Amino acid sequence: SRDRFALFFIGWLGGPQDYIAQHGHPRLRMRHGRVPIDTAMSTAWMRCMRAAMDRSGVEGAVRAFLDAKLGDLAQFLRNA
């Protein structure tokens with residue numbers, strides 16, 4: 001699952017689309033549609049992502065880029 005997530009993440013961030021070639025389109029909204037995602041849940045998810053980046057020492061421009069992309073994703077997946 002770690003390798004699969006890495007392939008997804010690389011492609012989602014604009015890199016090679018190996019995930020799609022191997023597994024098809026991720027269809028994030030469809031896959032998360034059965035789970036009610038409200039503002040509190042998306043905020044909690046972002047808190048987890050930021051904690052992971054803190055632990056990994058992600059800083060500077062890379063941190064700002066990932067914060068923005070993950071924030072957009074958290075809002076995109078809100079459905080409640």
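Welcome! This structure holds three salt bridges, a salt bridge being a side-chain nitrogen of Lys or Arg within 4 Å of a carboxyl oxygen of Asp or Glu. The model is predicted, so local features need pLDDT of at least 70, side-chain atom pairs count only at pLDDT 80 or more, and totals for chains, interfaces and linings use all residues. Residues are numbered from 1 along each chain as its sequence is written, and side-chain values use heavy atoms, with hydrogens and water left out.

**First stop.** Select aspartate 67 and arginine 50, whose side chains meet in a salt bridge at 3.4 Å, N to O. Aspartate 67 sits in helix α5 (residues 60–76) and arginine 50 in helix α4 (residues 39–56), so this pair ties together parts 17 residues apart in sequence. Helices here are DSSP runs (H or I, at least four residues), numbered from the N terminus. Arginine 50 is partly exposed, at 37% relative accessibility; buried means under 20% relative accessible area, exposed over 50%, and partly exposed in between (1.4 Å probe, protein chains only).

**Last stop.** Now select aspartate 54, which meets arginine 63 in a salt bridge at 2.8 Å, N to O.

**Put it together.** Show Arg50, Asp54, Arg63 and Asp67 at once to see them linked in a network of salt bridges.

Terms used:
Helices (H or I, at least four residues) and strands (E, at least two) are DSSP runs, numbered from the N terminus.
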